[in-house]
Amino acid sequence: MKKNVVAVSIDKVQTFLYYKLSSQAQENQTNNKTLSQVISSSEFVSSKFQEDIQERFSKEENHYLLSCSGKYIFTTGLSQAEVFSLLDDLFQKYYVELQGQLLLKYICIPSAPFQGDQLKAIQQCTSELKQSQCLNSIINRNQELLFTYSKELERADKRSEIPLTEYPYFSETINDLSPETELIEVNNNHFRTAVIKADLDGMGLLFKKMKSCQQYVQLSDILNEVISLPTLHRLTKKVNEHVKNNTSKENNFKIFPLYVAGDDIFFIVAIPHLLNGITLCKEILYELNNKIDCLNNQFQTNIPNLSASIGIDISFNREPLRYYYERVNLQLDTAKKEYAPLVENVPFTASHIKICLNHAVFFDILDKEYQSVFWKKQSDKLSYYLFVQTIRKMNTALKVLEDKQKDDLAGNRFFYTLLEKITTPEITEQPLRCSNVVINHLLPQTWSSNDWELQKAEFTLLTILIELLSEPKEKREGRGKKLVFDNKHLEKLRTYLRLFLIFSTPRFQLITLENNVKEKYPKTLQQKGATLLLNRSIDYLYTHSLQVENPQSLGSLFIKKESYKPSSNRIKHRPQVHRKLRIGSSMFYRLKKLEKERTPESYQRSIAMIQSMNTQTKEEIQEIDEKRELLNRAPSNLCFDKVRLEEKMASGEWTNDVIDSLLLFYKLDQLSITFKTKIKKGGKK
């Protein structure tokens with residue numbers, strides 16, 4: 001008997017679900033049937049339509065080749081005319097009952113050319129379902145229904161509802177996600193939500209590479225089992241138990257599912273549970289990869305572990321779906337376009353997640369064996385793990401600052417002001433001015449306070465920002481890190497500042513179970529905040545802004561680094577100090593005012609002002625230095641070179657930006673001396 005291969009798939013799935021959620025979840029959000037409709041829609045896509053096909057073809061002995069979410073392929077002894085008659089009838093039924101929001105696509109081709117090669121049959125059918133000829137023939141056979149107005153299309157969806165008792169960890173409505181915790185006070189009728197949409201990466205390419213029908217079917221079965229509402233609910237329960245164990249029993253983690261089928265996961269959480277929502281996606285990927293590993297062991301195959309992309313949009317509970325649906329898709333597309341780079345000229349294939357929030361893409365390497373390898377070679381990528389740790393450190397520091405200063409918006413203003421500065425063209429277009437502005441913004445403001453907790457909180461906050469502008473030094477520059485103010489680092493700082501503005505407000509405080517996560521990542525935030533902040537800023541001003549190491553530079557007239565023999569034998573190295581001209585902060589501000597005039601007279605007044613504080617001759621300073629050297633003390637101040645400064649002013653090198661750099665250097669150098677003195681006298685470290 002001649003056999004035919006029949007392939008049926010659901011088309012316009014996203015349109016169908018978008019329509020259902022637009023009409024049900026938004027217009028009738030307070031109706032307790034909302035979740036039931038969502039679950040019914042997802043279950044229809046994942047399994048119900050397959051049951052309908054099997055029922056129609058039950059009179060004939062059939063052999064299924066593939067059964068997965070949204071697709072069903074089987075062989076039958078019916079003729080093509082009989083197959084199309086049955087499927088056209090099902091097409092019309094769905095089109096009417098589902099109000100034209102879902103289309104069946106189907107083909108029927110002879111099985112003889114495949115000569116029993118089931119994998120080839122599956123791949124050929126999958127390809128033909130995507131061809132325009134497939135849909136054109138369906139439209140041609142059903143044009144009377146498609147192009148004629150019918151009142152049938154106005155009838156409500158006839159699908160039965162699903163009992164909600166099966167899914168207690170799903171919220172019945174979006175409003176029920178209201179985050180009532182001991183940490184946050186919210187308006188139950190109007191609160192922030194996080195819309196999360198995840199998609200498995202490279203599934204199409206993976207299936208194309210399959211060389212065995214058994215592998216193809218087994219992998220499809222795994223996807224069908226794991227990417228499903230029952231699994232989503234089970235893993236939601238698992239994450240919820242972790243949340244309770246790590247925080248409080250009041251912090252129940254629930255989600256509102258929108259769609260789970262195929263390789264898509266789409267749901268909503270309250271904003272405090274954003275990180276737990278991401279953890280849920282990771283749990284799904286872990287389970288999927290564990291089953292793939294078992295499949296590899298069973299059949300001695302080498303199917304790679306899967307990765308995923310996640311898009312996140314921050315919305316309101318009452319915002320119409322059409323708004324956040326488009327935005328979250330944009331975030332997801334951004335994540336998918338951010339490819340994992342080459343590591344040692346080899347494509348990075350270890351399981352990972354790319355998370356896009358506010359157009360910033362973070363990488364989370366799930367395979368622990370490859371974490372250190374990836375981050376060692378790709379330090380320019382944003383780490384999700386580091387982001388979570390940074391948010392936690394930031395909020396801890398902000399709480400101390402805001403409590404002690406009695407200002408709940410202190411952190412928010414601090415971030416916003418810095419972001420505003422580094423997005424202003426007249427600042428960013430001038431590299432020296434831009435670095436001055438950022439360093440000045442990061443000057444410690446609480447150093448005169450005797451409150452160590454306040455100082456520690458401020459230095460923690462400033463260290464976080466300094467780290468975003470840092471990169472390892474080259475070998476010739478020595479050990480440690482240095483500040484960099486190029487476009488890449490400034491954009492990274494802008495990205496984080498925008499996220500800090502979101503998560504620094506009390507109502508966005510994140511409930512997380514990430515406390516126990518241990519990932520192999522450089523411990524970049526473990527150094528002493530004060531030393532890191534001061535030394536890197538001083539080093540940048542000395543080396544780049546003022547170029548003091550160049551003896552012909554203007555900066556070398558004001559500053560010079562020298563070492564001396566210490567008075568204590570316990571100190572093994574020769575301490576370094578910065579010799580400077582005597583200039584106070586108030587004089588720098590007067591010099592800036594005079595510089596605006598830019599006349600020979602104003603330059604001479606500036607020189608006279610500096611000379612009035614630096615009257616010693618070169619010989620006198622040399623004599624003082626010789627005496628101090630005998631006493632093992634640091635050398636004295638620099639000698640003022642009036643002639644060279646006149647030349648620099650005449651050549652136009654003396655500018656307000658240079659004066660700002662000098663002022664910042666003097667301030668930071670004095671802060672560094674104060675800090676070291678305080679430590680030496682027994683202050684807290």
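User: In which helix does Arg-234 lie?
Analyst: The structure is a predicted model, in which local features need pLDDT of at least 70 and side-chain atom pairs count only at pLDDT 80 or more, while totals for chains, interfaces and linings use all residues. Residues are numbered from 1 along each chain as its sequence is written, and side-chain values use heavy atoms, with hydrogens and water left out. Helices (DSSP runs of H or I, at least four residues) and strands (runs of E, at least two) are numbered from the N terminus. By that numbering, the helix of residues 229-246, where Arg-234 lies, is α9.

User: Is Arg-234 buried, partly exposed or exposed?
Analyst: Buried means under 20% relative accessible area, exposed means over 50%, and partly exposed is in between (1.4 Å probe, protein chains only). Because its relative accessibility is 41%, Arg-234 counts as partly exposed.

User: How far apart in space are Arg-234 and Tyr-169, C-alpha to C-alpha?
Analyst: Along the sequence, Arg-234 and Tyr-169 are 65 residues apart. In space, the separation from C-alpha to C-alpha is 8.4 Å.

User: What share of the residues in the protein chain is buried?
Analyst: The protein chain has 685 residues, and its secondary structure comes to 24 helices and 17 strands. Of these residues, the buried ones make up 53%.

User: Why does Arg-579 count as buried, and with which residue does Arg-579 form a salt bridge?
Analyst: Arg-579 counts as buried because its relative accessibility is 9%. The salt bridge, one of 25 in the structure, has its closest N and O atoms 3.2 Å apart. It links distant parts of the chain, from strand β17 (residues 576-580) to strand β16 (residues 559-563), and the two residues are 17 apart. The partner of Arg-579 is Glu-562.

User: In the salt bridge of Arg-598 and Glu-595, is Glu-595 buried or exposed?
Analyst: The side chains of Arg-598 and Glu-595 meet at 2.9 Å, N to O. Arg-598 has a relative accessibility of 55% and therefore counts as exposed. Glu-595, with a relative accessible area of 2%, is buried.

User: Is helix α14 roughly parallel or antiparallel to helix α16?
Analyst: Helices α14 (residues 410-421) and α16 (residues 431-441) pack with their axes 10 Å apart, at an angle of about 175 degrees. Axes are lines fitted to C-alpha atoms, for helices over the stretch in contact, and angles run from 0 to 180 degrees between N-to-C directions. Angles under 35 degrees count as roughly parallel, over 145 as roughly antiparallel, 65 to 115 as roughly perpendicular and the rest as oblique. The angle therefore makes α14, relative to α16, roughly antiparallel.

User: How many residues of the contact of α14 with α16 are nonpolar?
Analyst: The contact is made by Phe-414, Thr-417, Leu-418 and Lys-421 of α14, together with Val-437, Val-438 and His-441 of α16. Ala, Val, Leu, Ile, Met, Phe, Trp, Tyr, Cys and Pro count as nonpolar, Asp, Glu, Lys and Arg as charged, and the others, Gly among them, as polar. The residues of this contact divide into two polar, one charged and, as nonpolar, four.

User: What is the phi of Gln-115 near?
Analyst: Gln-115 has its place in the loop between β4 (103-110) and α4 (118-129), and it is exposed because its relative accessible area is 74%. Its phi is a positive value in a residue other than glycine, near 50 degrees.

Notes
Contact means heavy atoms within 4.5 Å. A salt bridge is a side-chain nitrogen of Lys or Arg within 4 Å of a carboxyl oxygen of Asp or Glu.
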